[in-house]
Amino acid sequence: MKKLKKSAYTVLLMATCFIASPFIVHRIWKTSSESKKDVNVSAPVLNTQDENSGSESQPADNISPETSQPSTDNSSVKQDVLFQQGDISYFDDALFIGDSRTVGIQEYGMMNKSDYFCSVGLSSEKINDEVINGMTFDQAIDAKQYGKVYIMLGINEVGNDFEYTLTSYRAVVEKVKVHQPNALIYVQGNLHVSESAETNVINNEGINYLNGMIASLADNKRIFYIDINELYDDEYGCFNESYTSDGIHPLAMYYTKWCEWLCTKTVVQDNTDVQAE
């Protein structure tokens, strides 16, 4: 009896396999075909263009100078500047706006006929709240008609958000343009600090990054960027230790050198070319 049952199960199993085998073989063939189809799909075409050859994106808020650098090469859209050698009289109708470094120019430099709106710790963010020599910023730039306005701000804001600082700086430049429609505007790169004076907050990498952003404001028609660091830097791109006692400010005798350098960065234009935009 047991042998009969075993034989019946065997026959039933073989019949089941015989009936199901066409479906199994079809499924295996279909799966194999789909796999081959996936393998033969063309890979997406990658952009092999050099990453640096495209247009650069704008720096994001809180961007680190270690991860991105603003482009200061605007040769494709800006005309080259032909700076000329001038003399001290060029600055007789100039207004200097700045922090303690500009205070040094006022006290130890040679531009004695220039006007100044400067103080220790002055920043673009808080400039509208300052009262210097009894004048607000608005009153200072309305005092008379200037032929040139020099701006040097930012060292006290290097530790802040770069985009926010640039917005404040740009607002200063725009206000000068409105109040002084015939003036040439010189935006000055911030002076580096010496290697020994660098900190996590104030360092030359951050200063260079901010200077690059400031340089982007220049159009080389009415607004010009100049960078004093070419005069004071050592071979490592730091403020030369022999020119300073605190790593931040030039010694008094070197402000004369600063003024002489400014004389080599003069631009002469017909006032008819310098009008409010």
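Two strands pair if DSSP finds at least two bridges between them. Keep that in mind as you look around this predicted model.

**Stop 1: β1 and β2**

Start by selecting β1 (94-98) together with β2 (115-118). These two strands run in the parallel sense and are joined over four bridges. Zoom in on Phe96, and you'll find Tyr116 of β2 standing opposite.

**Stop 2: the whole sheet**

Now bring in the other strands. The sheet is open, has five strands and reads β2-β1-β5-β6-β7 across, with parallel pairing. At the edges sit β2 and β7 (223-227), each with a pairing on one side only. Turn the view and follow the twist, which averages 20° from one strand to the next.

Next, pick out β6, residues 184-189, beside β7: this parallel pair is linked over five bridges. Click on Ile185 there; what is its bridge partner in β7? That would be Ile223.

**Stop 3: helix α2**

**Stop 4**

Which residues make the contact? Show these side by side:

- From α2: Ser100, Arg101, Gly104, Ile105 and Tyr108.
- From α7: Tyr255, Thr256, Trp258 and Cys259.

Colour them by class and you'll see five nonpolar, three polar and one charged.

**Stop 5: α4 meets α5**

For the last stop, select α4 (residues 162-179) and α5 (residues 204-215). Their axes are 10 Å apart, and the helices pack at an angle of about 40°. That makes α4 and α5 oblique to each other, and their crossing is right-handed.

Show the side chains where they touch:

- On α4: Phe162, Glu163, Thr165, Leu166 and Tyr169.
- On α5: Gly206, Tyr209, Leu210, Met213 and Ile214.

Sorted by class, this contact between α4 and α5 has seven nonpolar residues, two polar and one charged.

How values were computed: Residues numbered from 1 in each chain as written. Predicted model: local features only at pLDDT ≥ 70, side-chain atom pairs only at ≥ 80, totals over all residues. Heavy atoms only, no water. Axes fitted to C-alpha atoms, helices over the stretch in contact; angles between N-to-C directions. Parallel < 35°, antiparallel > 145°, perpendicular 65-115°, else oblique. Left-handed = near helix turned anticlockwise from the far one by under 90°. Contact = heavy atoms within 4.5 Å. Nonpolar A, V, L, I, M, F, W, Y, C, P; charged D, E, K, R; others polar.
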